Structure formats: structure tokens, C-alpha cells
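Dear colleague,

Please find below the sequence and structure that I am handing over to you. My findings follow directly after them.

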Amino acid sequence: MQSSLQDILDTVQSNALTCQQKGMILANIAERLFNPIDLLGYTQEEWQYIENQMICDLNEGYAIYRPRYILPDYNVYIQKGCQFLDLPPPQNLDEVLDGLLILYTHVPSITTYPVYIGRLDLLLDPFITDEKQDYSKIKRFLNHIDKTIPDSFCHANIGPYDSKAGRLILKAIIELENPTPNITIRYDKTKTSREFAELAAKACLLVSKPSFANDAYYITDLGEQYGIASCYNALPECGGAYTLTRLRLGTIGRACKNVDEMVNHLLPKVATLALSTMDKRHKFLVEQSHFFDTDFLVKEGFIKRTNFTSMIAIVGLADATNHLLQQEGLNETFGQSQRGDEIAKMIMDKLQQINQQHQGLYVERTHGHYLLHAQVGASNHKEDRHNTPAHRIRVGEEPTLLAHLKQSAPFHQYFPSGTGDLFAFDQTYTEHLDAIVDIIDGAFTLGYRYITTYLKNTDLIRVTGYLVKKSEVERYRQGEAVLRDTTWYGSGTDDCANVFDRQLRDEKNVTN
């Protein structure tokens with residue numbers, strides 16, 4: 001939404017923000033002071049559907065000067081160094097870690113922090129010479145990231161292969177218990193050793209990371225050179241995403257009297273308008289901001305403009321479906337309703353069709369089309385209370401674990417740029433890591449792209465796609481300034497969707 005001078009004063013006068021956080025928010029407010037109708041060429045109708053909250057631009061801003069998500073190919077630094085930063089190619093682990101930390105401070109994003117810090121195990125493993133000493137260095141490196149990039153959208157990847165560096169990373173994140181960086185293991189049971197998978201599963205239970213990505217599935221959609229960034233966003237490496245616009249399906253659905261009105265009339269109209277606004281954002285960013293003409297990341301080959309795409313996202317599939325079930329006189333809920341699954345599939349089939357018919361601007365890497373994304377939710381407006389994250393089942397309405405996996409899996413096919421489900425387990429599962437890996441294997445066999453597990457009684461918890469400490473959320477709710485901006489988002493998402501209270505899973509030995 002467009003911002004105002006009052007937004008500036010409210011930010012300056014806040015006693016719940018650090019100085020650094022105020023600077024980030026003020027920069028975003030400045031981008032949104034412009035009228036997008038004048039600056040970007042939005043039509044009145046496009047703006048109308050942003051103002052009525054059916055289209056949400058996540059307050060990205062209108063005077064756009066950098067892509068939303070950037071995924072550098074950090075191997076460029078390993079091979080060539082960085083001329084702009086006067087960094088020669090690293091010769092040992094100390095130089096690798098030091099150089100990466102320097103690079104990270106110069107990788108922008110919508111959050112001002114890097115949302116992707118590379119396939120860390122592949123970058124570091126060639127430089128491992130003494131595991132005891134190198135472990136101490138890697139642990140300090142990861143702790144440095146948590147304290148200087150206080151944003152849990154910062155994301156590292158490991159896997160699929162077992163490695164010394166990968167094991168040291170897993171050991172360090174368990175000991176540190178830090179929210180940042182978020183981590184994903186690119187998992188493929190034909191490539192990943194069972195022992196390494198169980199080590200990753202142990203870490204995921206204890207500290208909510210790494211999540212497991214279905215590597216083979218994502219390679220099919222995006223090729224080998226992809227990364228998982230931000231929450232769980234699968235995007236081309238050496239590229240990224242210009243922007244992310246989401247459709248509040250729950251809000252759209254509540255404006256409809258029946259399925260036909262939703263699927264064949266209002267949804268196509270709103271989605272087409274959203275895609276058009278994305279084209280206009282791309283045009284300004286590429287042609288007027290000059291980011292791709294001037295930034296050293298482009299000039300030195302860390303990223304290429306032709307490797308960028310964008311995400312058209314959804315929230316509130318459950319809420320739209322539940323409303324339409326009620327309109328049909330059915331006292332059922334999404335997740336435990338055959339008719340609900342039919343309605344939800346019709347919604348997603350229609351949205352997929354609309355997206356495929358639209359020729360996007362400057363998205364050659366994804367064949368002229370934007371990528372559908374299951375957005376994890378936010379608290380930008382009161383309407384977010386009526387839009388459950390992504391295609392997830394409302395907290396409190398979940399079926400048993402196996403039924404949940406089977407219900408959710410068919411929806412993963414729609415989201416090549418990312419989706420995921422989360423399952424909370426009790427402490428006893430730390431003694432049954434084989435069962436956790438079996439559950440993940442079974443989910444991937446069913447068609448899952450991405451899955452996360454965690455212990456419900458831990459302080460470090462996965463909110464949606466990112467992590468927070470519940471103790472830090474509580475301090476924020478008491479009006480105290482906190483280190484990480486994701487703490488605000490976690491608090492708001494919990495207020496909207498009760499994500500801290502997901503059903504505890506105690507079913508053992510669930511497989512395919």
C-alpha cells in the first residue's frame with residue numbers, strides 16, 4: 001500500500017524498534033510514498049484490487065531499485081575472487097569464511113539482508129583440512145551471520161551429498177540454537193547417505209533446521225542450478241526473483257456466492273490484474289532503476305538478469321474452500337473434506353491456467369511465465385487473519401499425520417517456486433530418527449516438495465518458512481526492542497494463524 005509522512009513519524013517515535021530496524025522501515029516507506037498509478041502505470045482497476053486487499057504486494061515498494069530476492073553464484077568468488085571488493089580467490093578456509101562474510105554485506109534484497117548465502121557445504125568442503133579446528137571456525141562463522149544478519153529469511157543450503165563440511169555445519173547449528181541462517185538440505189535418498197539424512201533429521205527436530213527439499217523434484221522444474229532462499233523459495237541460482245505478489249484467496253472467496261463465481265469469474269479477473277502489475281514492476285526495475293546495468297554482482301557474473309523470474313503467490317486456500325463449502329450447505333473443512341479438496345483443486349487448476357496463458361516480462365529463465373508460490377503468510381492487514389498460510393490446513397483442524405500427508409501432497413505440484421508443510425513432534429522422536437526419515441521419504445513419494453519437522457517444546461520454532469525464538473517473540477509482545485525483524489513477522493503470523501499451536505504428532509512409523 002502507499003505510505004504517508006505519518007508512517008515516517010510513527011517509525012521514528014517507536015520504542016519497540018532498534019535503530020537499524022527503523023532505518024530499514026524508513027527506506028521501505030520512502031519507496032511507497034510514490035503513487036504506483038503515476039510511477040509504474042498501474043490502472044485504476046489494478047489499484048482498486050490492491051486497496052480491497054484481494055491482491056497483496058507485501059508492501060514491497062513502488063520506486064523499486066533492486067530485486068526482491070537475489071541468489072548469487074558464490075562459486076564465482078571461490079574461482080575468481082571479487083574485483084569490486086578487492087578479494088582474491090581464497091586459498092584456505094579462513095579466507096573463504098572471511099570473504100563470504102564480506103560478500104554477504106553487499107548482497108541486497110527486499111529485507112536489506114542477503115536471503116541466500118549459498119550451498120555452504122559445497123563452498124567450504126574443499127578447504128576442510130583439520131576437522132577439529134575447522135569446526136570452531138565454521139561455528140564462529142555461523143554465529144557471526146546470526147548476529148550481523150538478524151533476519152531469518154537469510155538461507156543456506158547443504159546436500160544432497162554427505163560431506164565433512166555438511167556434518168560440521170549440522171553439528172554447529174545444533175550447538176548454537178540460532179534462528180539465522182535458515183537452512184535446507186537438498187535431499188535425494190539415491191544420493192544422500194542414510195546416516196547424513198538422520199543427522200539432518202536430528203538437527204531439524206532439535207533446532208527446526210534444516211528442512212528437507214525434494215531435490216529431484218526441484219531439479220525437474222528448475223534445473224540443477226537452483227537454490228532454496230528466504231522461507232522456502234526455490235529460485236534459479238545466479239539469478240533470483242524480481243518481485244512477489246500474492247492473492248488472498250480467502251478474501252476473494254468470501255466475495256463469491258458459489259464455486260463457479262470464484263473459479264470462472266472473480267479469480268481470473270483478480271489474478272490477471274495481479275500479473276499485469278508484476279509486468280509493470282519488472283519494467284521499472286529493469287529499464288529505469290539501472291540495477292542490472294551497474295551492480296558489481298552482475299558485472300562479475302555472480303548473477304545474470306536473464307536468470308531472474310517472479311512469483312505469483314497464494315494464501316488462504318483453506319479459507320476460500322471453507323467459505324465455498326458453507327455456501328453449498330456442507331459443514332466440512334478443508335483438510336477433512338473430499339468436496340473441499342475438489343473445490344481447492346479447481347481453484348488451483350484455474351490459477352495455474354491463467355498463469356500459463358500470461359506472457360510475463362523479462363522472465364526468459366522460466367520460459368516467459370511466472371512461478372506459482374505457496375506464500376507463508378504475513379500480518380500486513382486485518383484480512384490476513386482470514387487467510388491461512390499457503391494451501392495449509394488451519395491449525396486445529398488437522399487430520400492424523402498420514403491423512404494429512406496424503407491430503408496435502410497433491411497441492412505441491414502447483415508450486416515450482418516453493419511450498420512446504422510443517423509437523424510438530426514430541427521429544428521421543430529424537431530416539432527414532434529412522435522414523436522421521438521414513439516419514440520424509442514417504443512424503444516425497446507422495447509428491448511432497450518440502451517438509452519440516454520440529455520439537456514442539458523447543459524455544460526455537462519454525463513459524464512458517466522461517467524460524468524465531470518464542471522467548472524473543474514474548475519480549476517483543478511486551479513492547480521490547482528485539483534483534484531480529486522476523487520476530488515481528490512471527491508474532492503477527494502466530495496472531496493470525498496460531499502457528500505456535502500446531503497439532504502434536506505422535507504417530508510412529510508412518511511411511512509410504
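In this predicted model, helix α8 passes helix α9 in a right-handed crossing. On the side of α8, the contact is made by E131, D134, Y135, I138, K139, L142 and N143. The residues of α9 that take part are K164, L168, I169, K171, A172, I173, E175 and L176. Sorted by class, the residues of this contact are eight nonpolar, one polar and six charged. As for the geometry, α8 covers residues 131-148 and α9 covers residues 164-176, and their axes come within 9 Å and cross at roughly 55 degrees. Because of this angle, α8 counts as oblique to α9.

The second pair to examine is α18 with α19. Helix α18 consists of residues 401-408 and helix α19 of residues 433-446. The two pack at an angle of about 30 degrees, and their axes are 9 Å apart. Angles under 35 degrees count as roughly parallel, and therefore α18 is described as roughly parallel to α19. The crossing of α18 with α19 is right-handed. In the contact, L401, L405 and K406 of α18 meet I439, A443 and L446 of α19. Five of the residues in this contact are nonpolar, none is polar and one is charged.

Helix α19 also packs against α10, which spans residues 194-207. Here the axes come within 9 Å and cross at roughly 100 degrees, so α10 is roughly perpendicular to α19. From α10, the residues R194, A197, E198, A201, K202 and L205 take part. They meet L433, D434, I436, V437, D438 and D441 of α19. The contact of α10 with α19 has six nonpolar and six charged residues, with no polar ones.

Helix α17 gives the most to the lining, with three residues. By class, the lining of the second largest pocket comprises six nonpolar, seven polar and two charged residues.

With kind regards

Conventions: Residues are numbered from 1 along each chain as its sequence is written. This is a predicted model: local features need pLDDT of at least 70, side-chain atom pairs count only at pLDDT 80 or more; totals for chains, interfaces and linings use all residues. Side-chain values use heavy atoms; hydrogens and water are left out. Helices (H or I, at least four residues) and strands (E, at least two) are DSSP runs, numbered from the N terminus. Ala, Val, Leu, Ile, Met, Phe, Trp, Tyr, Cys and Pro count as nonpolar, Asp, Glu, Lys and Arg as charged, and the others, Gly among them, as polar. Axes are lines fitted to C-alpha atoms, for helices over the stretch in contact, and angles run from 0 to 180 degrees between N-to-C directions. Angles under 35 degrees count as roughly parallel, over 145 as roughly antiparallel, 65 to 115 as roughly perpendicular and the rest as oblique. A crossing is left-handed if the near helix is turned anticlockwise from the far one by less than a right angle, and right-handed if clockwise. Contact means heavy atoms within 4.5 Å.
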